[in-house]
Amino acid sequence: MGTRLKVLRVFKDLHKTRRHVFRDDDRALTAARLKINEEFQKNKNETSEENIKEMLKVGRAVETILRENVMQGEHVEQNKILLRPARVSCWTTQKQDVTLIH
């Protein structure tokens with residue numbers, strides 16, 4: 001696969017993961033979209049294959065961190081948060097009730 005296609009694949013994967021991880025959170029969706037687009041725009045004129053390869057590694061690492069380590073929470077009652085793990089397993093998640101401990 002050519003370099004351009006690899007860059008586009010990472011770009012698309014980051015946005016797909018962003019939409020899944022931050023679903024129902026417009027502020028986080030917008031912030032992540034702006035950051036992804038800003039980083040790719042900032043480096044759009046890069047010609048060094050070595051630098052591009054390194055940036056692709058970073059992009060993949062960020063996508064993995066978002067997919068495997070981010071957890072969203074929604075305050076549903078006093079001392080109660082509904083957690084929504086972002087872990088993407090076949091793009092499905094389950095909601096879990098967790099009581100906060102002071």
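**Notebook: loops, cores and a pocket**

I started at Asn 79, which sits in the loop between strand 1 (71-77) and strand 2 (80-85). The model is predicted, so I note its limits: local features need pLDDT of at least 70, side-chain atom pairs count only at pLDDT 80 or more, and totals for chains, interfaces and linings use all residues. Residues are numbered from 1 along each chain as its sequence is written, and side-chain values use heavy atoms, with hydrogens and water left out.

**Backbone angles**

I looked up phi for Asn 79 and found a positive value near 65°, in a residue other than glycine. Most residues other than glycine have a negative phi. Asn 79 counts as partly exposed, at 27% relative accessibility. My cut-offs for relative accessible area are: buried under 20%, exposed over 50%, partly exposed in between (1.4 Å probe, protein chains only).

Asp 24 also went on the list, with a positive phi of about 70° although it is not a glycine. I place Asp 24 in the loop between helix 1 and helix 2. Asp 24 is exposed, at a relative accessible area of 65%.

**Chain layout**

I counted three helices and three strands in the protein chain. Both are DSSP runs numbered from the N terminus: helices are H or I with at least four residues, strands are E with at least two. Along the sequence the pattern reads α-α-α-β-β-β.

I then checked burial: 25% of the 102 residues are buried. The chain exposes about 7700 Å², and carbon and sulfur atoms supply 51% of that area (Shrake-Rupley method, 1.4 Å probe; for residues, only the protein chains shown count as cover). For contacts I took heavy atoms within 4.5 Å. Among contacts between residues at least 6 apart in sequence, 40% join residues at least 24 apart.

I picked Arg 19 in helix 1 and Thr 30 in helix 2. They are eleven residues apart in sequence, and their C-alpha atoms are 9.7 Å apart in space. Arg 19 is partly exposed, with a relative accessible area of 46%. Thr 30 is partly exposed as well, at 33%.

**Cores**

Which residues form the largest nonpolar core? I found six: Val 21, Phe 22, Ala 28, Leu 29, Ala 32 and Leu 66. Helix 2 gives the largest share of this core, three residues. A nonpolar core here is a set of buried Ala, Val, Leu, Ile, Met, Phe, Trp, Tyr and Cys residues joined through side-chain atoms within 4.5 Å. A second, separate core has five residues, including Leu 14, Ile 36, Ile 52 and Leu 56. I also checked Ala 32: leaving out residues up to four places away in sequence, Ala 32 touches Arg 18 and Phe 22.

**Largest pocket**

How much space lies in the largest pocket? I noted about 700 Å³. Of its 23 lining residues, Val 7, Glu 39, Phe 40, Asn 43 and Met 55 are the closest to the centre. Helix 1 (3-21), helix 2 (26-42) and helix 3 (49-69) are the elements that give two or more residues to the lining. A pocket is an open set of points on a 1 Å grid over the protein atoms alone, where a 1.4 Å probe fits, with protein on both sides within 12 Å along at least five of seven lines; lining residues have an atom within 4 Å of a point. By class, I logged 15 nonpolar, three polar and five charged lining residues.

Terms used:
Points joined across faces, edges and corners; volume = space filled by probe spheres on them. Nonpolar A, V, L, I, M, F, W, Y, C, P; charged D, E, K, R; others polar.
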